[in-house]
Amino acid sequence: MITGELKNKVDKIWEIFWTGGITNPLSVIEQFTYLLFIKGLDDKQTDLEQNAEILGIEPERMFAPDQENYRWKNFKQLHANAMYEVVSKQVFPFIKNMHGDANSAFAKYMDDAIFMIPTPQMLEKIVTNVDALPLEDRDANGDLYEYLLTKLSTAGTNGQFRTPRHIIRMMVALMQPTPTDTIIDPAAGSAGFLVAAGEYLQKNHEDLFANKELKEHYSKTMFHGNDMDRTMLRIGAMNMMLHGVENPNIEYRDSLAEVNKDKDRYTLVLANPPFKGSLDYDSVSAELLQITKTKKTEILFLSLFLRILKKGGRVASIVPDGVLFGSSNAHKAIRKEIIENHHLHAIISMPSGVFKPYAGVSTAIMIFTKTGSGGTDKVWFYDMKADGYSLDDKRQPIEQNDIQDIIHRFHNREAEQDRKRTEQSFLVDKAEIVGNDYDLSINRYKETEYEEVQYEAPKVIIGKIRTLEQQILDGLDDIERMV
């Protein structure tokens, strides 16, 4: 989560855009992202050159010899007018067409991209300030994106844009993506889940880049995302390319509509789908309505996961609490489907402050595997009380943090057998859940220990009150004598 110096620097750049006449938050984010992408390309080229020098080989080149002036480190030194000429007429067209494949996600969504910075002086100010951002750390880069997205007036309204980065990383660590996975986020936004999955693989499976087939899979066929906002698709595609994914499969698509024909295709879903929407039946895929006839997007997305996954495919998705205990036929039907016909592993209840200040809704993470033949035996529940930040609108860093405990316990659930219902995590038998009408709310199963409090006898309390009253009266008498 972005704090302190970096936040102040980003706010300063935002103010330059604003005072320069670019006042639409989405336009600011888009232009800001283009410049971050251009800088990121140069940083990546520098890394390639340094690594090649160490190995004594020719570096891979993202810029042709006659395009050296396109590099951030070179054009940032030019005076304002010359810089503007290079960036607007050379660098920007270069990034729009750099991929080469006209059918790629990047080419499709950059096609209608527009360079909007109006004056050389404004560009010079923005470049100077972007250059001062401390973005060597990938986490800082991700936090910067997250902070930019929080400035959208629609954030938290349609549930589309923002999932806190540390929650994304936790979900990725829970699922432990493998080099052979095919991963999708059907409501991808800026591709935060896909980027985090890629980072996890780079950190934990470095050898995948030594295997030609796995490296090819990683850069071209592993990552998939759908969204219905072309600006977010552009941001997502640039985000993925900066993280080494040459051809991100980011599609302009309504995941819930009939046009989405995906079936038995993916091995891992990571998602925080929008859950404030209510759709018309006519706009929803008929196949999804076969499981649960509903207009609620949070239920329809769960049905979608079951359709698009291969058998053995896994899901980690954020859901609103209503999915866990809702009493409508649709709510019960989707819970029954997952518990009876697939393998529900865990429900991690998160405190409502996790999404503040943009939304106060209570949510949980639901983790299950598509089997088609059942498998649910015991369901692991965890009552998350802290995520490392205060649960008010300010979301300041604090010491209390359950995330590492959640990850450790989830991967060692066999050791949870003897945990009591009064503890933060415990297992519940499937039969008990079925008996409770498939209710998955943690409060249905959690037990609270009440400590007996010993009070003084009423006469003693009354005596103390009389003593205090007498002291007050004596004090008033003293004051009265003084005046």
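**Figure 1. Overview of the predicted chain.** The secondary structure of the chain comprises 19 helices and eleven strands. The model is predicted. Its pLDDT averages 87 over the chain, and 90% of the residues score at least 70. Over residues 153-161, however, the pLDDT is below 50; in the model this stretch has 19 contacts beyond near neighbours in sequence. Along the principal axes, the C-alpha atoms fill a box of roughly 95 × 80 × 50 Å. The chain has 483 residues, of which 52% count as buried. Among contacts with a separation of 6 or more, 72% link residues 24 or more positions apart.

**Figure 2. The largest nonpolar core of the chain.** This core has 48 residues. Phe-17, Phe-32, Phe-75, Ile-117, Leu-123, Ile-126 and Leu-133 are the members with the most contacts inside it. Two or more residues each are given by helix 1 (4-19), helix 2 (25-55), helix 3 (72-75), helix 4 (80-97), helix 6 (120-131), helix 7 (138-150) and helix 11 (230-242). Helix 2 gives the most, with ten residues. In soluble globular proteins, nonpolar side chains tend to be buried together.

**Figure 3. Surroundings of Leu-123, and a separate core.** Leu-123 is one of the residues with the most contacts inside the largest nonpolar core. Neighbours within four places in sequence being left aside, Leu-123 is in contact with Leu-35, Met-83, Tyr-84, Val-87, Phe-115 and Ile-117.

**Figure 4. Strand 4 and its pairing partners.** Strand 4 spans residues 266-271, and six of its six residues are buried. One partner is strand 1 (residues 183-185), which pairs with strand 4 in the parallel sense over two bridges. In this pairing, Ile-184 stands opposite Val-269 of strand 4. Another partner is strand 5 (residues 309-320), which is also parallel to strand 4 and is joined to it over five bridges. Here Ala-271 is placed opposite Ser-317 of strand 5.

Figure 5. Ser-317 belongs to strand 5. Its relative accessibility is 1%, so Ser-317 counts as buried, the cut-off being under 20%. Not counting residues up to four places away in sequence, Ser-317 touches Met-171, Ala-271, Pro-273, Phe-305, Ala-364, Ile-365 and Met-366. One of these, Ala-271, is also the residue that stands opposite Ser-317 in the pairing of strands.

**Figure 6. Length and burial of helix 9.** Helix 9 consists of 13 residues, 192-204. At 1.5 Å a residue the helix should span 18 Å, and its end C-alpha atoms are 18 Å apart, so the two values agree. Helix 9 is mostly covered, with eleven of its 13 residues buried. The buried residues are Gly-192, Phe-193, Leu-194, Val-195, Ala-196, Ala-197, Gly-198, Glu-199, Tyr-200, Leu-201 and Gln-202.

**Figure 7. Leu-289 in helix 12.** Leu-289 is located in helix 12 (residues 286-291). At 17% relative accessibility, Leu-289 counts as buried, because the limit for that class is under 20%. Ile-299 is ten residues from Leu-289 in sequence, and the C-alpha atoms of the two are 10.0 Å apart.

Figure 8. Asp-264 lies in the loop between strand 3 (249-252) and strand 4. Its phi is near 50°, a positive value in a residue other than glycine. With 42% relative accessibility, Asp-264 counts as partly exposed. Asp-437 is found in the loop between helix 17 (430-435) and helix 18 (442-445). Although Asp-437 is not a glycine, its phi is positive, at about 60°. The relative accessibility of Asp-437 is 40%, and this residue therefore counts as partly exposed.

Notes
Residues are numbered from 1 along each chain as its sequence is written. Side-chain values use heavy atoms; hydrogens and water are left out. pLDDT is the predictor's confidence in each residue, from 0 to 100. Contact means heavy atoms within 4.5 Å. A nonpolar core is a set of buried Ala, Val, Leu, Ile, Met, Phe, Trp, Tyr and Cys residues joined through side-chain atoms within 4.5 Å. Buried means under 20% relative accessible area, exposed over 50%, partly exposed in between (1.4 Å probe, protein chains only). Helices (H or I, at least four residues) and strands (E, at least two) are DSSP runs, numbered from the N terminus. Two strands pair if DSSP finds at least two bridges between them. The expected span of a helix is 1.5 Å times one less than its number of residues.
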